[in-house]
Amino acid sequence: MGTPFLHLSSDQWIEGGVVPDRRGDDGPFDWVNSMRPRFFDGFHRTIAAMAAAGNDLIVDHVIEYPSWRSQLAELLNGLDVFVVAVVCDLHELERREQHRGDRRPGEALAHLRENGIHDLGPVDYTIDTTAGITPATVDAVTTAWRHRTAHSAIFDPRPSFYDAGDVFDRYSAHRGGERYRSANAVMEEPAVLAEVGNPTGLRVLDLGCGDAHFGRHLLTAGAASHRGIDNSQRMIEAAKNLLAGTTGRVQLASIEDVDVEPDSVDLITARLSLHYLPDLQPTFAKSAKRSCRAAG
Ligand SMILES: C[S@@+](CC[C@H](N)C(=O)[O-])C[C@H]1O[C@@H](n2cnc3c(N)ncnc32)[C@H](O)[C@@H]1O
């Protein structure tokens with residue numbers, strides 16, 4: 001590749017003894033919920049720091065969550081990045097997992113099916129390694145890298161599920177056309193409104209606001225302001241139409257990326273949207289702890 005590259009991978013840190021040995025699934029430290037998020041936060045910052053210091057890097061990493069991807073996009077902004085997705089068929093994946101023997105059985109499949117690691121957003125190049133890694137595979141990747149454009153796909157957002165095909169139209173027909181008969185209208189919406197109580201004077205942040213039907217309702221009921229966040233273009237267009245003539249505002253953004261002024265809202269709603277997030281922790285930490293006023 002013409003220049004010496006450094007190889008960086010979180011496994012090197014684990015193998016190098018950075019993480020103390022776990023004595024059992026539960027201890028002596030909470031790896032999954034506490035240490036692991038901090039560990040990878042630091043790993044991502046290290047990638048950016050090494051690159052910013054002028055090092056050329058080959059980074060071997062599994063980007064597991066949308067929040068990891070957006071953090072990397074933020075940290076790597078301005079750097080020359082080329083993202084290669086390395087894929088292989090499922091039998092081969094399981095064979096390799098068994099062969100290396102240092103992974104929880106089924107971990108690789110869980111990355112694919114539960115984390116959806118290959119659906120988190122566009123990449124610059126995909127290489128299929130089912131048949132193994134040959135000189136031709138290496139040549140394909142390096143040729144694609146040499147022909148890269150100045151803009152890496154890591155900086156592009158993941159297209160919303162609701163913007164694919166006719167999903168938005170079918171969803172709207174169900175939620176809108178049958179609004180007065182659907183289970184949402186009859187059971188779920190009254191329960192949510194009862195939970196919200198009287199919104200008079202409240203500044204509302206609605207995460208995954210959809211067409212802002214709910215936001216408009218809150219404004220009509222006296223909410224002081226409404227700001228909706230949604231990552232679907234179609235939803236945002238519909239929301240703008242529905243909120244025309246009101247003070248309600250919407251923004252095309254992912255819930256995980258939303259950054260709101262501290263103490264700027266009184267009520268955060270997320271109706272039927274949080275189940276789309278594979279990792280709730282960063283969203284709660286940002287939205288709930290930062291933007292919402294104390295006791296909000
Ligand atoms: C079932 S709809 C609910 C819409 C609205 N909250 C309601 O109650 O009518 C889920 C909404 O969440 C949005 N959504 C899903 N994942 C999202 C994400 N990561 N960031 C922002 N919006 C998201 C979808 O685009 C969709 O509009």
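**Figure 1. The residue just after helix α10 in the predicted model****.** Directly following α10, G245 adopts a positive phi of about 85°. The structure shown here and in the other views is a predicted model.

**Figure 2. The buried residues of helix α10****.** Helix α10 spans residues 233-243, and its buried residues are M235, I236, A238, A239 and L243. These residues lie on the same side of α10, because the arc that they cover around the axis is only 165°. In an α-helix there are 3.6 residues a turn, so residues three or four places apart point the same way. The elements covering the buried residues of α10 include α9, β6 and β7 (249-252).

**Figure 3. The shell around the ligand****.** The ligand is surrounded by 20 residues, of which G208, G210, S232, S273 and Y276 are the closest. At least two residues of this shell come from α9 (213-220), and at least two from β6 (225-230). Sorted by class, the shell comprises nine nonpolar, eight polar and three charged residues.

**Figure 4. The contact between domain 1 and domain 2****.** Domain 1 covers residues 5-157 of the protein chain, and domain 2 covers residues 162-291. A distance of 33 Å separates the C-alpha centres of domain 1 and domain 2. Seven residues from domain 1 and eight residues from domain 2 take part in the contact. On the side of domain 1 that touches domain 2, helix α3 (residues 66-75) provides the largest share, with three residues. That side of domain 1 has four nonpolar and three polar residues, and no charged residues.

Technical notes:
Residues numbered from 1 in each chain as written. Predicted model: local features only at pLDDT ≥ 70, side-chain atom pairs only at ≥ 80, totals over all residues. Near = placed C-beta within 6 Å. Helix = DSSP H or I, 4+ residues; strand = E, 2+ residues; numbered from the N terminus. Nonpolar A, V, L, I, M, F, W, Y, C, P; charged D, E, K, R; others polar. Domains from an automatic or database assignment. Contact = placed C-beta atoms within 7 Å. Buried ≥ 20, exposed ≤ 12 C-beta atoms within 10 Å, placed from the backbone. Arc of directions from axis to C-beta.
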